[in-house]
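Hello,

Below is the structure you will be taking over. My notes on what was found in it follow.

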Amino acid sequence: WALGAGLRAARAVTGVRAPSSEPPVALREPGMSLAEIRRATRRHLPGARVRRLLFWRYSLIYTRPVTG
């Protein structure tokens, strides 16, 4: 969050923009919020951990129980 805010502030002050030789990236709204992902994780993968990462990303860590 802080990194993104710092970059936006620096670009606003300097007016510097990255060259845009490539077409813009297509974006869409996420299908699920992080809270919904956590609820689904608890329901389907008990014991899994969901962690928020940088720039709207998350990690889901699950270790399957050993069955013998």
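**Pockets, patch and fold**

About 450 Å³ of space lies in the largest pocket. A pocket here is an open set of points, on a 1 Å grid over the protein atoms alone, where a 1.4 Å probe fits, with protein on both sides within 12 Å along at least five of seven lines; lining residues have an atom within 4 Å of a point. Its volume is the space filled by probe spheres set on the points, which are joined across faces, edges and corners.

This is a predicted model, in which local features need pLDDT of at least 70 and side-chain atom pairs count only at pLDDT 80 or more, while totals for chains, interfaces and linings use all residues. Residues are numbered from 1 along each chain as its sequence is written, and side-chain values use heavy atoms, with hydrogens and water left out.

The largest pocket has 13 lining residues, and Arg28, Glu29, Pro30, Met32 and Trp56 are those nearest its centre. By class, this lining has 7 nonpolar, 2 polar and 4 charged residues. Ala, Val, Leu, Ile, Met, Phe, Trp, Tyr, Cys and Pro count as nonpolar, Asp, Glu, Lys and Arg as charged, and the others, Gly among them, as polar.

The second largest pocket has a volume of about 210 Å³. Trp56 is one of its lining residues, which also include Trp1, Arg8, Arg52 and Phe55. Helix 1 (residues 2-14) gives the largest share of this lining, 3 residues. The classes here are 6 nonpolar, 1 polar and 2 charged.

Trp56 itself sits in the loop between strand 1 (49-52) and strand 2 (58-61). With a relative accessible area of 79%, Trp56 is exposed (over 50%; buried is under 20%, and partly exposed is in between, with a 1.4 Å probe and protein chains only). Together with Leu3, Leu7, Leu53, Leu54 and Phe55, Trp56 makes a nonpolar surface patch of about 640 Å². Such a patch joins nonpolar side chains (Val, Leu, Ile, Met, Phe, Trp, Tyr) within 5 Å, from residues with over 30% relative accessible area and no salt bridge (a side-chain nitrogen of Lys or Arg within 4 Å of a carboxyl oxygen of Asp or Glu). Accessible areas come from the Shrake-Rupley method with a 1.4 Å probe.

As for the fold, the protein chain has 2 helices and 2 strands, in the order α-α-β-β along the sequence. These are DSSP runs numbered from the N terminus: helices are H or I, at least four residues, and strands are E, at least two. Of the 68 residues in the chain, 10% are buried.

Thr41, in helix 2 (residues 34-44), is buried at 7% relative accessible area. Its C-alpha atom is 9.4 Å from that of Tyr62, 21 residues apart along the chain.

Regards

Technical notes
Patch = residues over 30% accessible without salt bridge, like charges linked within 9 Å, V, L, I, M, F, W, Y side chains within 5 Å.
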